[in-house]
Each structure stands twice: as C-alpha cells, then as structure tokens.
Amino acid sequence: MAEERRVRLLVSVVNADEVEAALAGGADIVDVKNPEEGSLGAPEPALLRAVRSRVASPAEVSVALGDAPHLPGTMALAAAGAAACGADYLKIGLFGSARPEQALALLAAVRRAAADVNPSTRLMAAAYADASRVGALAPRELPSIARHAGFHGVMLDTAVKDGASTFTAMGEDGVADFCAAARALGLETALAGALGPADLERAQRLGADIVGVRGSACEGGRQGTVSAARVRALRAALALGEAVARG
C-alpha cells in the first residue's frame, strides 16, 4: 500500500476580505502577496498583520517577500519585518541573484535576519520554472543552495504570468527532478505557477508537500476574487489524488 500523505493547499490572497473564502474552501495556508508587484510581489505590513489576525491554527500564514533583486541587506530587512508580523512562512523569489554564489549570499542574509526576530519562522526559497525567460537562477541549482543557506524548503513558481504553468515551462520530468533533489536534502517542496485542478494530482504524485494557487482559486482569474467554491474544488482534487495514492 502506498504511504498516505496529505498535501497542503496554499491559497494566495490580496486583501483581508479574501481570507474567509480561502479558509471556508479548505486552505491550509493563507498566503499574502501583491500581484501588482510581480509573481511574488510583497504586501504592506498592515495587510500581513490583518490577515494574521484572521487565521487561527491549524491554518497557517505565509507571505511573499518579492521577486527579489540581488540586495541582501534590503531583503534581510524585509525578512525581519515579515517575521515580526507573525508569518509562519516567508517566501522569497530568486529573481536578481542569478549566480549560485549570489543566491547563497542573499538567502543566508535573509535567514539570519528572520532567525534574529523569530527562530520558528520557516523560510522558502523560490526559483522560477521559466527562469530562462527572465535570466533568473536555474531551478536545478536551488535545492543545494537553499540547504546550505539553512532554509526550510524550496518552491517552483513562474515569473511570467501569461497562463503558462510550471509544468509547461519545465515539463513533468523537470519538475520531478526538482522535487526529488529537494526531498533527498530533507527540504519541504512547494509547487505553484498557474496550476489548476488537473495539475494537482501530478504535483502530489511527484512529491510536493504544498501546492500554491491564486488564479484557479479566483472568480475572474489572478486579478479576480478568491471563491470558497473554487478553493473547495481544488481541495477536492487533492483529496481525490490522496485516495488514488492509498489505492
């Protein structure tokens, strides 16, 4: 019999009013971001605090720190602020740190800053499945860098939001290799990037611990509004995959 494993559903919100729908639909993690500032655009602290006040255990809160330029001090300060606002997870996109040594320096600075404020904060480093389109760090480089920087996990997302998914950009084999490399290093693995219900079973089968959505959870797409019914459908798709895995 296959090992039973529950994949957590992360739903990104852009205002506090969307939190209720995300939780009602079954989100395990409420993620706070600002799509106006990019794929992993950072929200203002007031919004993060407002979302934090509406999310109770066992649900958790994550926050995007941005599609980060290679400015370790700037991003360390952002991480300290987000940790102080009570986020359980901090996500940072390696947009400007295109070389491995740059990525390691940036992530290490972020880890030190977050740990100084709240050692229990979990850190997720994000690579872009479509990195070649924006000149970012190649995803295959990330797991070992994140491990050496002391991060909790790694994530795949897409930098360009034109409907092309992480699976379109990397192919199932590429995503599988990324997940396997992360798992071998003991890292938590998250997949996002234009994922719909049909992609969730694949993400689960490949070993993702977390799947992240925004557009497929909204009425009106990425720029629309989170719908409890849509989140519920995504949660059901994951449950179906879990039932198949149990065999």
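This is a predicted model: local features need pLDDT of at least 70, side-chain atom pairs count only at pLDDT 80 or more; totals for chains, interfaces and linings use all residues.
Me: What makes glutamate 219 and arginine 230 a salt bridge?
Reply: The side chains of glutamate 219 and arginine 230 meet at 3.5 Å, N to O, and since the rule asks for a side-chain nitrogen of Lys or Arg within 4 Å of a carboxyl oxygen of Asp or Glu, the pair is counted as a salt bridge. The two residues sit in distant parts of the chain, with glutamate 219 in strand E9 (residues 218-219) and arginine 230 in helix H9 (residues 228-246), 11 residues apart.

Me: Why is arginine 230 called partly exposed?
Reply: The relative accessible area of arginine 230 is 34%, and because this class lies between the limits of 20% and 50%, arginine 230 is described as partly exposed.

Me: How do you know that arginine 99 and glutamate 101 form a salt bridge, and why are they called partly exposed?
Reply: Their side chains meet at 2.8 Å, N to O, and the cut-off for a salt bridge is within 4 Å. Arginine 99 has 46% relative accessibility and so counts as partly exposed, and glutamate 101, at 48%, is likewise partly exposed.

Me: What makes aspartate 31 and lysine 91 a salt bridge, and where in the chain are the two residues?
Reply: The N to O distance between their side chains is 3.1 Å, to be set against the cut-off of within 4 Å. This pair also links distant parts of the chain, for aspartate 31 belongs to strand E2 (residues 29-32) and lysine 91 to strand E4 (residues 89-94), 60 residues apart. Both aspartate 31 and lysine 91 are buried.

Me: How many salt bridges does this rule give?
Reply: The count by this rule comes to 17 salt bridges.

Me: Why is threonine 189 called buried?
Reply: Threonine 189, which is found in strand E7 (residues 188-191), has 1% relative accessibility, and because buried means under 20%, threonine 189 counts as buried. Leaving aside residues up to four places away in sequence, the residues that threonine 189 touches include Val154, Phe178, Cys179 and Ile210.

Me: Why is alanine 194 called partly exposed?
Reply: Alanine 194 lies in the loop between E7 and helix H8 (197-205), and its relative accessibility of 42% is the reason why alanine 194 counts as partly exposed.

Terms used
Residues are numbered from 1 along each chain as its sequence is written. Side-chain values use heavy atoms; hydrogens and water are left out. Helices (H or I, at least four residues) and strands (E, at least two) are DSSP runs, numbered from the N terminus. Buried means under 20% relative accessible area, exposed over 50%, partly exposed in between (1.4 Å probe, protein chains only). Contact means heavy atoms within 4.5 Å.
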